[in-house]
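Below is a short report on one protein chain. It covers helices, nonpolar cores, aromatic contacts and backbone angles.

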Amino acid sequence: MTDWDARYSGDGYLFGTEPATVLPRQAAYLPTSGRALCVADGEGRNAVWLAERGFDVTAFDASPVAVEKARRLAADRGLDIAFQVADAETFDWPDAAFDLVSGIFIQFAPPEPRARMFEAMRRSTLPGGLCLLHGYTPKQLDYRTGGPPQIGHLYTEEMLRAAFADWKVVTLDAYEADLAEGTAHQGRSALIDLVARRPG
């Protein structure tokens, strides 16, 4: 994680301290309390937003530099969040533990590791709980305003629908928007949101 440590090592917050736009955009679909897991949450902006709204939040990221900044951000807001240094392969995914599992801009994984990560996210969601994903579509390669340059890392509606075929899709929305999230997400972007409910 040397590259991510270097990216996170500046004084400021790489993606800002406000949540990714998906959270307020899809807030009407989300539970209002409970346990939440933030996957690869970087410097903690999304975990903090959820904790401020009353969630009991666990969050992890592979970069210790990012996690230390996340802890500072939470402390500055007077929040108690369980941050861990881990990646999707080493995090100890609990079974059926969270009312909400969110993966926001976690498109670092090619298809095979991504499938394992999605399955772990599904497994950790409580029956009746929600899984939220937010990322870039292949059209983002035209904009180049953030995200990975590999098309295989990007999301399509068909891919997300297939990954959650046995869940109830609450919303699945591909759209374009102008982002202003720190210095790393700036400008016109091709985005996609999924909120899916685990049966039970």
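The expected span of a helix is 1.5 Å times one less than its number of residues. Helices (H or I, at least four residues) and strands (E, at least two) are DSSP runs, numbered from the N terminus. This is a predicted model, in which local features need pLDDT of at least 70, side-chain atom pairs count only at pLDDT 80 or more, and totals for chains, interfaces and linings use all residues. Residues are numbered from 1 along each chain as its sequence is written, and side-chain values use heavy atoms, with hydrogens and water left out.

Helix α4 covers residues 64-76. Its 13 residues should span 18 Å at 1.5 Å a residue, and its end C-alpha atoms are 18 Å apart, so the two values agree. Burial is set by relative accessible area: buried means under 20%, exposed over 50%, and partly exposed in between (1.4 Å probe, protein chains only). In α4 the buried residues are A66, V67, K69, A70, L73 and A74. Viewed down the axis of α4, these fall within an arc of 160 degrees, so they line one face of the helix. The arc is that of the directions from the helix axis to the C-beta atoms. An α-helix has 3.6 residues a turn, so residues three or four places apart point the same way. The face of α4 turned away from its buried side carries the exposed residues A75 and D76. Just after α4, G78 has a positive phi of about 70 degrees.

Helix α5 has 14 residues. From first C-alpha to last, α5 reaches 20 Å, close to the 20 Å expected at 1.5 Å a residue. Its buried residues are R114, M117, F118, A120, M121, R122 and S124. What do the buried residues of α5 pack against? They pack against β1, β4, β5 and α7, where contact means heavy atoms within 4.5 Å. E119 also lies in α5. E119 counts as partly exposed, because its relative accessibility is 40%. E119 and A163 are 44 residues apart in sequence, yet 8.5 Å apart in space, C-alpha to C-alpha.

## Nonpolar cores

A nonpolar core is a set of buried Ala, Val, Leu, Ile, Met, Phe, Trp, Tyr and Cys residues joined through side-chain atoms within 4.5 Å. The largest has 32 residues. Those with the most contacts inside it are L50, V57, I81, F83, L100 and L132. Helix α3 gives the most to this core, with 5 residues. L50 touches A36, C38, F55, V57 and L100, leaving out residues up to four places away in sequence. A second, separate core of 28 residues includes F91, M159, F164 and L172.

## Aromatic rings

Rings of Phe, Tyr and Trp (its six-membered ring) pair if their centres lie within 6.5 Å; planes under 30 degrees apart count as stacked, over 60 as edge-to-face and the rest as tilted. A search of the whole structure finds 9 aromatic pairs. Two of them are tabulated here.

| Pair | Type | Centre to centre | Angle between planes |
|---|---|---|---|
| F60 and F91 | stacked | 4.3 Å | 15 degrees |
| F105 and Y136 | tilted | 4.8 Å | 35 degrees |

The F60 and F91 pair links distant parts of the chain, 31 residues apart. F60 is in strand β2 (residues 55-61), and F91 is in the loop between β3 (82-85) and β4 (98-104). F60 counts as buried, because its relative accessibility is 3%. F91 counts as buried at 6%.

F105 lies in the loop between β4 and α5 (111-124) and Y136 in strand β5 (residues 125-136), so this pair ties together parts that are 31 residues apart in sequence. Both F105 and Y136 are buried.

F118, Y155, F164 and W167 form one aromatic cluster.

A charge sits over a ring if NZ of Lys or CZ of Arg is within 6 Å of the ring centre and within 35 degrees of the ring normal. The charged end of K69 sits over the ring of Y13, 5.0 Å from its centre. R122 lies over the face of F164, 5.6 Å from the ring centre.

## Positive phi

Most residues other than glycine have a negative phi. A40 has a positive phi, near 45 degrees. A40 is found in the loop between β1 (34-39) and α3 (45-52). A40 is buried, because its relative accessible area is 18%.

R144 also has a positive phi, near 55 degrees. R144 lies in the loop between α6 (140-143) and α7 (157-163). Is R144 buried or exposed? R144 counts as exposed, at 63% relative accessibility.
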